[in-house]
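Visitor: Hello! Could you show me the structure and walk me through a few of its residues?
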Amino acid sequence: MYQILRLFIVSLLTSFSVSIAAATVSQMDAVREAAERHVESIISVPKNGELDITAGNLDSRLRLTDCPLPLDTEVPGRQRMNTSVTVMVSCPQDDWQVYIPVQIRLMIPLVVAKRPLDRGMPLAASDMTIQMVDSRFQRGQTYTSPARLIGSKVKRTVGIGQPISSNDVCAVCRNDDVVITARGNGLNIVAKGTALSDGALGEQIKVKNDKSNRIVDATISAVGEVTVNF
């Protein structure tokens with residue numbers, strides 16, 4: 001009789017232990033999923049971008065209860081949402097909390113060099129392509145349309161597959177002849193001028209009006225073209 005009772009107790013304890021382990025694994029998965037969903041909810045993904053979020057593994061020795069309500073999540077402190085972030089996941093009802101690292105990989109479509117680009121060469125459509133790039137490697141102003149860069153000159157060497165940034169090219173380069181369009185009060189006045197510095201699309205540079213010799217601040221609106229508002 002004693003032997004039967006002993007076997008029953010061992011069997012009961014083993015069953016209880018297995019059920020606890022299963023619940024723990026399930027809850028660990030829930031913690032990881034909650035952390036991933038929280039990070040996903042606070043990151044803005046650009047159009048056509050791809051977000052890859054992976055929560056790290058938890059210590060297998062943790063014993064977490066199955067929370068009766070949805071888990072609470074937050075990013076403590078002032079962390080930068082770049083390559084990784086630590087998320088606090090908690091269950092206030094059962095009085096436990098854990099911190100879990102989450103890896104972030106944001107891929108965005110950018111214009112990259114289709115072949116090595118040398119200084120001084122004008123960009124043609126065949127020199128560029130669109131490629132998914134890890135946002136960590138985005139430097140300065142980058143581009144999503146090759147058409148905006150056609151005709152720009154390369155200021156510094158760009159390797160194959162590297163994103164082309166505003167620091168690498170000039171839509172208007174120093175001493176280039178430019179077309180100045182002055183706009184205001186319903187009028188458009190067109191004049192010829194000379195660029196006094198390099199600039200990319202959307203940047204402001206100094207330009208000299210060749211006729212009046214007046215120097216004005218102008219915004220680069222296209223390759224070889226600038227705009228002045230008055």
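Visitor: Is Asp168 buried or exposed?

Guide: Good place to start, and keep in mind that this is a predicted model. Asp168 sits in the loop between strand 6 (153–154) and strand 7 (169–170). Its relative accessible area is 7%. Buried means under 20%, so Asp168 is buried.

Visitor: Which residues is Asp168 in contact with, leaving aside its neighbours within four places in sequence?

Guide: Here we skip the neighbours within four places in sequence. What remains is Lys153, Val154, Lys155, Arg156, Val158 and Pro163.

Visitor: And Leu123, is that buried or exposed?

Guide: Leu123 is found in the loop between strand 4 and strand 5 (128–134). Beyond four places in sequence, it touches residues including Leu117, Met128, Leu149 and Val169. Its relative accessibility is 3%, so Leu123 counts as buried.

Visitor: What distance separates the C-alpha atoms of Leu123 and Ala171?

Guide: Along the chain, these two are 48 residues apart.

Visitor: Which elements give two or more residues to the largest nonpolar core?

Guide: That core has 22 residues, and Leu71 and Trp96 are among those touching the most other members. Leu71 also touches Trp96 itself, as well as Val31 and Val89. The elements you asked for are helix 1 (2–42), strand 1 (50–55), strand 3 (84–91) and strand 4 (96–113).

Note on methods:
Residues are numbered from 1 along each chain as its sequence is written. This is a predicted model: local features need pLDDT of at least 70, side-chain atom pairs count only at pLDDT 80 or more; totals for chains, interfaces and linings use all residues. Side-chain values use heavy atoms; hydrogens and water are left out. A nonpolar core is a set of buried Ala, Val, Leu, Ile, Met, Phe, Trp, Tyr and Cys residues joined through side-chain atoms within 4.5 Å. Buried means under 20% relative accessible area, exposed over 50%, partly exposed in between (1.4 Å probe, protein chains only). Helices (H or I, at least four residues) and strands (E, at least two) are DSSP runs, numbered from the N terminus. Contact means heavy atoms within 4.5 Å.
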